Amino acid sequence: MLKDITLFHMIQKKVDWSHQRMSVLATNIANADTPYYRPKDLKKLGFEDLVAPFRPPLKAQRTSATHMVGTKPEINFRERTGSKRKHYEISPDGNAINVEDQLMKVNKTSSQYRMATALYQKNLQMLRKSLGGGK
Amino acid sequence: MDLHKASRTAASGMQVQVRRMRVLSENIANSDSVASRAGGVPYRRQIISFKTELDRETNANLVQVRRIGKDWSDFRKDYDPGHPYADKDGYLLKPNVNPLLEMVDMQQAQRTYRANLNVIETVRSMVSQGIRLLTTG
C-alpha cells in the first residue's frame, strides 16, 4: 500500500538499485587481479526510471481486432553496455580495474543508500503524525 | 539479497588474496633453496592466477584460483666451486625467485585484501542501517 505513494516507490527503487550496484562493485573489487577483467557498472538511475509506474505509457490504440499491440518487457537496471568506449588504465596482465575508483563508487553508493533510508524514516514519521498517532 | 551477494563476492576476493600470500611466502622462503642432491634441480618459482566464476547457489560472481603453475624461466647460476653440488664449471643452480618482485607483489595483495575488507564493512553498515529502520521506524 505504501508503494502506491510515489515518494515511497521512488525510495524503494533507489534502495534496490543501491543493493544491485553494491553487488556489481564488489565483483569488480574482488577481481582486481584477475587477468583480462573489465569493470562493470549499472546504468544511472534517472528520474524517469524512478517514477515510471506512475506515468501512464502512451499505448497505441487498437482500431481493429486483427491488429496486434506489443509490449516491451520491463528490464530491471540494465548493466551499462559499453556503447561509449570508456578509456581504461590497463595493466600488463590485461586487468582494467582501478581499485581507488571502485572504492569511491562504493562510498557514493553507501551514502545514497543512507540518504534513501533517512528519507524513508522522515516521511514515515510525517505520515504517522498526520494520521494522528505515534511518535 | 544482493547485499549478501556483495559480501560473498568480497569474501571470495579476500580468500584468493590469502592463497596468493601463501604462494608468495613459499617463494620467498625458498629463494635460496638449492637442489637436495648432486645433479638435481633447485626450487622453482610458483605463479598463481585467478578466474571469475558464477556460484550456482548464491548467484554471486566469485573469484577463484585458476591454477598455481610454475615459472619456467631459467634458474640463476651462482659461481660457487666450493659447494659439493656445484657442476664441473663451478656453477651452482639457484631458484629463479627475485625476492624484490615477490615483496612488491605482496604489497599489491595486501592492498586488494584491504579493499575487499572495506567492501564488507560498507555492506555491513548498510545492512545495520536497514535493520535500524525496523527498530526505530
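How many residues of chain B are in contact with how many residues of chain A? In the predicted model described here, 29 residues of chain B are in contact with 27 residues of chain A, contact being defined as heavy atoms within 4.5 Å. Because the model is predicted, local features need pLDDT of at least 70 and side-chain atom pairs count only at pLDDT 80 or more, whereas totals for chains, interfaces and linings use all residues. Residues are numbered from 1 along each chain as its sequence is written, chains are lettered from A and ligands numbered from 1 in the order in which they are written, and side-chain values use heavy atoms, with hydrogens and water left out.

The size of an interface is often given as the accessible area lost when the parts come together. Chain B and chain A bury about 2,400 Å² between them, with 61% of this area on carbon and sulfur atoms; buried area is here the accessible area (1.4 Å probe) that two parts lose on being put together, summed over both. Between the two chains, 7 residue pairs are in polar contact, both residues being at pLDDT 80 or more; a polar contact is a pair of N or O atoms within 3.5 Å, of which, within protein, one must be able to donate a hydrogen and the other to accept it, and residues adjacent in sequence count only if both atoms are side-chain atoms. On the side of chain B that touches chain A, the elements giving two or more residues are helix 1 (2-29), strand 1 (46-55), strand 2 (60-70) and helix 2 (99-136) of chain B, helices (H or I, at least four residues) and strands (E, at least two) being DSSP runs numbered from the N terminus. Helix 2 of chain B gives the most to this side, with 14 residues. The residues of this side of chain B divide into 9 nonpolar, 14 polar and 6 charged, where Ala, Val, Leu, Ile, Met, Phe, Trp, Tyr, Cys and Pro count as nonpolar, Asp, Glu, Lys and Arg as charged, and the others, Gly among them, as polar.

Across the interface of chain B and chain A, 2 salt bridges are found, a salt bridge being a side-chain nitrogen of Lys or Arg within 4 Å of a carboxyl oxygen of Asp or Glu. Arg20(B) and Asp33(A) meet through their side chains in a salt bridge, at 2.6 Å from N to O. Asp33(A) also takes part in a polar contact, at 3.4 Å, with the side chain of Thr112(B), a residue placed in helix 2 of chain B. Thr112(B) is buried, at 1% relative accessibility (buried means under 20% relative accessible area, exposed over 50%, and partly exposed in between, with a 1.4 Å probe and protein chains only). Leaving aside residues up to four places away in sequence, Thr112(B) touches Ile29(A), Ala32(A), Asp33(A) and Gln17(B).

Chain A has 3 helices and 0 strands, and buried residues make up 36% of its 135 residues. Over all chains, the count of salt bridges comes to 12. Lys105(A), in helix 3 of chain A, and Asp41(A), in the loop between helix 1 and helix 2 of chain A, are 64 residues apart, and their closest N and O atoms are 3.5 Å apart in a salt bridge. Both partners are buried, Lys105(A) with a relative accessible area of 17% and Asp41(A) with 9%. Lys105(A) also meets Asp101(A) in a salt bridge, at 4.0 Å from N to O, and these two residues lie in helix 3 of chain A, 4 residues apart, about one turn of the helix. In chain B, Glu102(B) forms a salt bridge with Arg45(B), the closest N and O atoms being 2.7 Å apart. Glu102(B) lies in helix 2 of chain B and Arg45(B) in the loop between helix 1 and strand 1 of chain B, so the pair ties together parts that are 57 residues apart in sequence. Both Glu102(B), at 1% relative accessibility, and Arg45(B), at 17%, count as buried. In chain A, salt bridges that share partners join Arg21(A), Asp41(A), Asp101(A) and Lys105(A) into one network.
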